[in-house]
Amino acid sequence: MNKNLKTATLCVQGGYQPKNGEPIEVPIIQSTTFKYDDSNEMAQLFDLKKEGYFYSRLQNPTNDAVALKIAQLEGGVGCVLTSSGQAANFYAVFNICEAGDHIVASNEIYGGTFNLFGVTMKKLGIECTFVNPDASEEELQAAFRPNTKLLFGETISNPGCAVLDIEKFARVAHRNGVPLIVDNTFATPVNCRPFEWGADIVTHSTTKYMDGTASQVGGAVVDSGNFDWMAHAEKFPGLCTPDESYHGLTYVKAFGKMGYTTKLVAQLMRDLGSIPAPMNSFILNLGLQTLHLRMAQHCKNAQAVAEFLHDDPRVAWVHYSGLKDDRYHERAMKYMPKGSCGVIAFGLKGDRDTAVKFMDSLQMINIVTHVADARSCVLHPASHTHRQLTDEQLKAAGIAPDLIRLSVGIEDVDDILDDIKQALDQIGVRK
Ligand SMILES: *Cc1c(COP(=O)(O)O)cnc(C)c1O
């Protein structure tokens, strides 16, 4: 395929390329295994000496076709689909870290990732230092240790809507000889391609905008192929020294730019197995085909809603990078000139209960844990996703106790605004 195809074309036609007489839609190969006439041929597949399919825990044609589309959209060399966004972030990190290692991550990240890094990975012997993403380069540098293996951040943070200075993060990571991993779930490659700004690995929860229909939970890990692992071989023995569980194969030597991706499949997927069902990858691909259209409409609707909230006296504060006086407006214009996403964070004058009353008064906008869906939806992290955290911990994670996460959908914007207005009229705060 032409390498210079634009994003919209890749959304529609990237990845799967049907040959003469083949189905136009990516086939669902819902099969655990693949048959061979010659046992020696299958042995070569096991040795990674030949490419081909043998068991869907390692590779499946439907999953691979959709992974290829996401790799093309991000401008990467390889992509692996996972069964969830959580699995994607875990695999992206665990592919280059082991017990005794350390990572540095922005503290303005998705609650699930915050817990994965701060609690669960700690039990595996991998420690995380959280940093304020707006800290100076010197302050970021201070978080690094000799055993630090990567730096992590989100393009647009969930739920705080902070915009990452990707170039600054990449500079600090590379100065320390480690890759920058960016979770690009909210921006999607339609609005931001982190590799163009120095990120080395990108992750996604494909559950969100990429799917857009709230039909499947999934994730993706994309490698730019740009990070020179061998130049820092002592830090990354898993990639740069022989893997005993693969007959002494050294991933980066044997597979070059595909070393990181190959290890993730051949070792992590083999042993941990968080693959998506082929059916789910098929559904994800249906979503990807309209991602570019939906993202444009999400941004347009969210801009109108953010401007309305900004001017309403019952609203205490609004975080949306499309607002001219937003703290991240300038940075968002640099990294995401076409728009950021449909998610707005805001607070109402009043207390935690005011937020709950507002949400309960909504009629069309749905109260769900989900975000970044075609349907408008709303969540109060302090009462829902983050309810285990104290106000202090919430603040440490960049989440105000009154924060309402409004995910603006692609319905008619007048209907979205009408619903918000009638709910505001019911909360009893005087204009
Ligand atoms: C939802 C989300 C995740 C986790 O993804 P799941 O698909 O729910 O496992 C990770 N990162 C971000 C930014 C998210 O919004």
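A salt bridge is a side-chain nitrogen of Lys or Arg within 4 Å of a carboxyl oxygen of Asp or Glu. Keep that rule in mind. The model shown here is predicted. A search of the whole structure finds 14 salt bridges.

Take one of them. Asp-101 and Lys-149 meet through their side chains in a salt bridge, at 2.9 Å from N to O. Now look at where the two residues sit. Asp-101 is in the loop between helix H4 (85-94) and strand E2 (102-106). Lys-149 belongs to strand E4 (residues 148-154).

Next, step back to the overall layout. The domain assignment of the protein gives domain 1, residues 7-287, and domain 2, residues 292-426. Their contact takes 37 residues from domain 1 and 36 residues from domain 2. The C-alpha centres of the two domains lie 29 Å apart.

How much area do domain 1 and domain 2 bury between them? The size of an interface is often given as the accessible area lost when the parts come together. Here domain 1 and domain 2 bury about 3100 Å². Carbon and sulfur atoms carry 58% of that area.

The rule finds two across the interface of domain 1 and domain 2. Elsewhere in the list of pairs, look at Lys-334 and Glu-167. Lys-334 forms a salt bridge with Glu-167, and their closest N and O atoms are 2.5 Å apart. Polar contacts between domain 1 and domain 2 number 20 residue pairs. Which elements give two or more residues to the side of domain 1 that touches domain 2? They are helix H1 (7-13), helix H5 (111-123), helix H7 (166-175) and helix H8 (188-191). By class, that side of domain 1 has 19 nonpolar, eleven polar and seven charged residues.

Rings come next. The whole structure holds 13 aromatic pairs. Among them is the pair of Phe-186 and Tyr-209. Their ring centres are 6.5 Å apart, with 70° between the planes, and the pair is edge-to-face. Phe-186 lies in the loop between strand E5 (180-183) and H8, and Tyr-209 in the loop between strand E6 (201-205) and strand E7 (219-223), so the pair ties together parts that are 23 residues apart in sequence.

Finish with the backbone. A cis peptide bond joins Asn-158 and Pro-159, with omega about 10°. Pro-159 sits in the loop between E4 and H7. His-247 has a phi near 55°, a positive value in a residue other than glycine. Find His-247 in the loop between helix H9 (237-240) and helix H10 (251-255).

Note on methods. Residues are numbered from 1 along each chain as its sequence is written. This is a predicted model: local features need pLDDT of at least 70, side-chain atom pairs count only at pLDDT 80 or more; totals for chains, interfaces and linings use all residues. Side-chain values use heavy atoms; hydrogens and water are left out. Domain bounds come from an automatic or database domain assignment. Contact means heavy atoms within 4.5 Å. Buried area is the accessible area (1.4 Å probe) that two parts lose on being put together, summed over both. A polar contact is a pair of N or O atoms within 3.5 Å; within protein, one must be able to donate a hydrogen and the other to accept it, and residues adjacent in sequence count only if both atoms are side-chain atoms. Helices (H or I, at least four residues) and strands (E, at least two) are DSSP runs, numbered from the N terminus. Ala, Val, Leu, Ile, Met, Phe, Trp, Tyr, Cys and Pro count as nonpolar, Asp, Glu, Lys and Arg as charged, and the others, Gly among them, as polar. Rings of Phe, Tyr and Trp (its six-membered ring) pair if their centres lie within 6.5 Å; planes under 30 degrees apart count as stacked, over 60 as edge-to-face and the rest as tilted.
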